[in-house]
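Here is a friendly walk through one model, region by region. Please keep the structure open beside you as you read.

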Amino acid sequence: MRKIILISAILLISVFVYAQKKYALSKHKVKDNIYKIEIGTVNLLAFVGKDGILLSDCGFKHTGEQLDSVLLTITDKLVKYVINTHWHHDHSGGNFYFNKNAVIISQEETKKILSFDYTSEFWQEEYKAFPEKALPDITFKDKITINFSNEDVELIHLEKGHTKGDIAVYFKKSNIVHLSDHLFSFGFPAIDFEKGGSVEGFANNLQKIIEMSSSNTIFISGHGPDFNLEELKEYKNMLIETLTIIEESIQNGLNMEEIKKKEVLKDYEKWANGYFSCNDWIEIVYSSLAYKK
Ligand SMILES: [Zn+2]
């Protein structure tokens with residue numbers, strides 16, 4: 001299993017090496033006072049209330065000041081709340097900048113992960129523990145609702161999906177769900193199985209979100225364009241179908257290289273336009289299934 005993971009890391013290392021790059025930031029109004037801000041391919045949301053800003057994700061550590069400059073083009077109000085949808089540093093690194101004025105909120109597992117040094121074999125990256133001041137101030141287990149500027153913002157734990165500590169941020173009145181990395185709308189997603197993620201859990205979590213949504217809900221991804229409900233259903237189905245195909249191949253006695261050679265995912269090539277090719281996705285799914293054992 002160790003060998004599989006190390007091979008995978010070579011192929012997949014490109015996902016996180018962009019961490020230190022310089023980025024152009026852009027902003028788009030999603031609806032009313034909710035803005036999507038793109039830092040490279042990372043999407044985050046800024047909800048501008050009458051007393052301040054609520055940020056759902058905050059980008060990299062080194063883009064905090066740049067993000068603040070973009071927010072200043074929208075309002076001179078301060079960031080009051082920062083939600084970390086999960087621990088990955090392209091979504092939570094801005095804690096270092098915004099912790100001065102903002103209360104930081106995450107699911108409890110995310111704070112635990114951020115509290116310790118960690119070296120990932122699969123992603124071939126070293127992560128340093130966040131200092132106390134950059135860690136979330138408030139954590140929760142299953143769900144909390146924040147009423148901010150007359151909008152109920154529900155934070156819903158999505159367990160064992162992208163990681164074990166992801167949350168969906170549901171702006172109820174605006175009917176917008178920030179799924180963050182529980183949706184890579186460019187293509188196949190990353191599964192951080194070393195930190196409790198799984199393909200099956202990812203699909204189950206999307207099903208839960210689909211059931212609480214309506215035909216005009218807007219889904220904001222962590223990376224890639226916005227989705228509507230039909231697109232999200234198709235994405236969830238793709239996850240279940242490709243997982244089933246790979247599991248059946250394993251049951252039929254094929255190893256990872258044999259599964260790749262058989263091109264079992266050739267009908268799913270439309271999802272290979274993001275970070276991961278069909279063969280990368282076979283590696284991610286295969287390695288995540290092997291990791292459980
Ligand atoms: Zn992530």
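Strand 11 and strand 12 pair in the antiparallel sense over 6 bridges; strands here are DSSP runs (E, at least two residues) and helices are DSSP runs (H or I, at least four), numbered from the N terminus, and two strands pair if DSSP finds at least two bridges between them. Within this pairing, I156 stands opposite A168 in strand 12. Strand 10 (residues 143-148) also pairs with strand 11 in the antiparallel sense, over 6 bridges, and T145 has E154 as its bridge partner in strand 11. The hairpin of strand 10 and strand 11 has 2 residues between the strands, and S149 takes a positive phi near 55° there.

Because 7 of its 8 residues are buried, strand 11 is largely enclosed by the rest of the structure. Buried means under 20% relative accessible area, exposed over 50%, and partly exposed in between (1.4 Å probe, protein chains only).

## About the model

This is a predicted model, in which local features need pLDDT of at least 70 and side-chain atom pairs count only at pLDDT 80 or more, while totals for chains, interfaces and linings use all residues. Residues are numbered from 1 along each chain as its sequence is written, and side-chain values use heavy atoms, with hydrogens and water left out.

The buried residues of helix 6 include V199, F202 and L206. Packing partners of the buried residues of this helix include strand 11, strand 12 and helix 9, and contact means heavy atoms within 4.5 Å. At the start of helix 6, a side-chain oxygen of S198 reaches to within 2.9 Å of the backbone nitrogen of G201.

S288 lies in helix 9 (residues 278-291) and counts as buried because its relative accessibility is 6%. Leaving aside neighbours within four places in sequence, S288 is in contact with F193 and V199. The S288 side chain also reaches the backbone oxygen of V285 at 2.8 Å; a polar contact is a pair of N or O atoms within 3.5 Å, where within protein one must be able to donate a hydrogen and the other to accept it, and residues adjacent in sequence count only if both atoms are side-chain atoms.

## The zinc site

Which residues coordinate the zinc ion? They are H86 (NE2), H88 (ND1), H162 (NE2) and D181 (OD), at 2.0 to 2.2 Å. Donors are N, O and S atoms within 2.8 Å of the metal (3.2 Å for Na, K and Ca), and water is not among the atoms, so sites may look incomplete.
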